[in-house]
Amino acid sequence: MAKRKRLKGILCIFFLCIPLHWTLAQEPKPQQRQINIVYGANFTKDEARYPGASIFSKDERQVQFEHQGADLWCDIAIFYQKENKLRAIGNIRLVQGDSILMTSGKIDYNGNEKLAKAWEKVMLKNADMTLRTDTLFFDRENQEAYYRSQGTIVDSANTLTSRIGRYFIEPKKYQFLQNVKIKNPEYTVESSQLDYYTLSKNAYMYGPSTITGETYKLYFERGFYDTKVETGYGIKNTRINYNNRIIEGDSVYFNKAREFASATNNIKVTDTINDGVIRAHYAEVYKAKDSVFATKRAVSVSLVEQDSLYIHGDTLMITGKPENRILRAFRNTKFYKTDLSGKCDSLHFEEKTGITRLIRRPVLWNLENQMTGDSILLISDMETEKLDSLKVLNNAFVISQDTIGKVGFNQAKGKDLFGKFIENELKIADLVKNTEVIYYMYNDDQELIGINKTICSSIRLTFENSDIEDITFFTNPDGDIFPEADLPENSRKLKGFVWRGDERIRSKEEIFDEDDNNLILPKIQGLDNPIDKDADPEISELEKKARDYVNSSDRAAVPVPALKVPSEKEEKPERVTEIRAEPGIVPGYYLIVNVFEDEADFSRFSRMLSDRGIEPRTFFREGKQFTYVYLERYDTLSEAVTARDSKYYGRYTDEIWILRVVGN
């Protein structure tokens with residue numbers, strides 16, 4: 001039978017036997033770890049149910065205990081003084097310093113380990129966030145809290161939920177596992193594993209993750225996201241749906257404010273409206289301009305009458321709305337489809353008109369026919385999506401090897417050429433102004449009759465199976481058919497003849513040159529090491545073990561191995577060079593890649609950056625007479641460090657350093 005009596009004056013004597021205070025600045029001694037009673041109210045015992053325990057219950061005040069910087073209030077307390085353990089029941093408040101408040105229906109507290117288990121409508125709160133869950137473990141020794149049965153966290157910007165979570169109090173960092181979700185009016189984040197900082201609002205993801213905004217959807221299996229400004233990157237199996245385009249790559253960076261996305265290594269950009277694809281190893285997408293920039297083995301792939309057309313250049317640019325798209329290929333342009341191929345310096349294709357322009361030293365092969373001129377235009381029927389016609393302007397020249405005798409070349413030249421395609425095969429070609437022809441003629445037995453050499457005002461060539469089937473001469477033709485023996489070798493080629501058969505592109509692989517095929521890709525940072533660069537490497541390894549542990553099949557309610565959280569004194573400050581702001585130089589943190597005194601050196605380096613798809617940015621210091629080349633300017637050091645350590649999110653693999661410009 002439990003005995004109960006009212007405690008008044010004897011409580012004062014009882015309190016004198018228990019230490020009430022301790023020194024927080026020193027490591028407590030074992031005898032100083034005892035849980036202390038501040039207010040016991042009603043006292044009783046029940047040896048049958050709680051052997052060795054003292055039972056306290058509230059009167060007009062709640063029962064109160066304190067232990068090494070924390071105070072606990074409850075309605076009922078079952079206190080095992082010898083074991084230094086406590087069970088609190090009813091309307092519990094646990095306050096640690098002036099920063100942490102935890103409320104719940106019940107708590108088991110172990111004073112020796114400074115470990116609390118709280119359950120029944122648990123809430124943990126500080127100035128930055130509120131955590132709610134059914135059961136929460138609070139490890140005061142290591143300043144960590146964790147749950148295993150679904151939790152919800154609300155801060156000033158986001159609502160986060162997960163099945164398993166861990167909170168590191170000093171860095172104000174959460175580690176979420178299983179069914180993680182961030183809800184915000186502007187976006188949602190879903191992930192299997194996510195680390196989140198309540199101060200910076202930065203999220204680091206280590207498993208399949210999807211970020212969905214109003215105008216984009218980003219998927220990756222390892223990456224970073226700044227929830228304040230909707231900026232982030234993925235570095236494993238990454239894909240972003242962005243403005244009628246799907247961007248895939250080893251690394252994808254995204255910035256909502258700039259309406260910009262970029263990708264590095266093994267990139268595929270799919271135009272979901274026009275069914276076109278860009279492949280490259282570096283690409284940029286600008287939403288506002290509806291444009292794509294691609295380089296490093298860049299190739300455009302589009303479907304033309306059930307046949308793929310491949311266009312390659314050192315640089316590809318696609319601009320404009322879907323119905324007005326323009327494709328440009330620059331420097332060393334080549335293209336290929338099974339019945340058509342060619343090369344030129346630059347290429348320009350306009351979706352609205354269906355016109356493809358080959359610019360500077362163009363050459364076109366339609367089956368076995370080689371066509372050259374100062375400029376070549378291919379015109380497509382945009383309704384049927386088939387080649388319709390051809391224009392070769394200025395110095396038009398058609399050459400095909402004699403396919404029967406294999407001894408010479410059929411040739412036709414004029415000022416301009418106008419061709420007609422039927423079922424994507426050139427059937428008719430009209431040469432106009434000062435036309436000339438050399439043509440090998442055979443009888444039905446495939447015997448050479450002679451070589452036709454004629455000049456006239458215009459000529460019509462008709463083709464069948466890639467051979468010239470018929471030639472029609474217009475307006476006073478002047479020529480003859482020469483026996484083979486009567487026409488010298490040097491007279492069998494028209495002036496301006498250049499056979500470029502060794503340059504002919506016969507497969508999609510041949511559009512790439514040796515430099516393209518031997519391209520060395522930059523290593524994507526963060527795949528094999530933590531992407532959270534603020535964390536101590538040892539802690540990162542322990543966090544990984546903890547993450548693997550709580551995500552395993554073992555669901556026993558035991559603490560995850562404790563992680564040491566570095567104190568402020570242990571953190572290594574980032575060393576940054578500082579200069580004073582000058583006119584035209586905005587204060588901030590700059591990612592510097594080079595400094596030049598010589599203008600020629602600066603120009604060469606700028607061209608190198610441009611060839612790598614990076615637009616160089618500069619500022620000039622009048623006092624030092626130096627030009628500084630930088631990749632980006634940031635307002636905070638943490639942003640600059642993240643960009644530097646990620647090698648500018650995989651876009652620049654050479655040395656980068658941070659320069660801080662301080663305002664006057």
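Me: Helices (H or I, at least four residues) and strands (E, at least two) are DSSP runs, numbered from the N terminus. Which strand is Asp226 in?
Reply: Asp226 sits in strand β21, residues 223-226. Bear in mind that this is a predicted model, in which local features need pLDDT of at least 70 and side-chain atom pairs count only at pLDDT 80 or more, while totals for chains, interfaces and linings use all residues. Residues are numbered from 1 along each chain as its sequence is written, and side-chain values use heavy atoms, with hydrogens and water left out.

Me: Got it. Is Asp226 buried or exposed?
Reply: Asp226 has 7% relative accessibility, so it counts as buried. Buried means under 20% relative accessible area, exposed means over 50%, and partly exposed is in between, with a 1.4 Å probe and protein chains only.

Me: And what does Asp226 touch?
Reply: Not counting residues up to four places away in sequence, Asp226 is in contact with Ser200, Lys201, Asn202, Thr231 and Glu639. Contact here means heavy atoms within 4.5 Å. A polar atom of the Asp226 side chain also lies 3.0 Å from the backbone nitrogen of Lys228.

Me: Thr231 is on that list. Where is Thr231 found?
Reply: Thr231 belongs to strand β22, residues 231-234. Thr231 counts as buried because its relative accessibility is 11%. Beyond its neighbours within four places in sequence, Thr231 contacts Phe224, Tyr225, Asp226, Tyr253, Phe254, Asn255 and Lys256.

Me: In what sense do β22 and β25 pair?
Reply: β22 and β25 pair in the antiparallel sense, over four bridges, where pairing takes at least two DSSP bridges between the strands. Gly232 stands opposite Phe254 in β25.

Me: Why is β25 called largely enclosed?
Reply: Five of the five residues of β25 (251-255) are buried, so the rest of the structure largely encloses this strand. Ser251, Tyr253 and Asn255 are buried on one side, and Val252 and Phe254 are buried on the other. In a regular strand, side chains alternate between the two faces of the sheet.

Me: How many bridges join β25 to β26?
Reply: Five bridges join β25 to β26 (260-271), and the two run antiparallel. Ser251 stands opposite Thr264 in β26. The hairpin of β25 and β26 has four residues between the strands, and Glu259 takes a positive phi near 50° there.

Me: Switching topic: how many residues does the largest nonpolar core have?
Reply: The largest nonpolar core has 99 residues, and Met102, Ile107 and Leu390 have the most contacts inside it. A second, separate core of 28 residues includes Tyr197, Ile524, Ala640 and Val641. A nonpolar core is a set of buried Ala, Val, Leu, Ile, Met, Phe, Trp, Tyr and Cys residues joined through side-chain atoms within 4.5 Å.

Me: Now the voids. How many cavities of 30 Å³ or more are there?
Reply: The structure holds four of them, and the largest cavity has a volume of about 70 Å³. On a 1 Å grid over the protein atoms alone, a cavity is a set of points where a 1.4 Å probe fits but cannot get out, a pocket is an open set with protein on both sides within 12 Å along at least five of seven lines, and lining residues have an atom within 4 Å of a point. Grid points are joined across faces, edges and corners, and a volume is the space filled by probe spheres set on the points.

Me: Which residues line the largest cavity?
Reply: Among them are Ile35, Phe65, His67, Asp71 and Arg140. Asp71 is found in strand β6 and counts as partly exposed because its relative accessibility is 22%. The side chains of Asp71 and Gln64 make a polar contact of 3.3 Å. A polar contact is a pair of N or O atoms within 3.5 Å; within protein, one must be able to donate a hydrogen and the other to accept it, and residues adjacent in sequence count only if both atoms are side-chain atoms.

Me: Last one: what volume does the second largest pocket have?
Reply: Its volume is about 770 Å³. Of the 35 residues that line this pocket, Asn274, Ser302, Leu303, Phe349 and Glu351 are the closest to its centre. Strand β29 gives the largest share of the lining, five residues.
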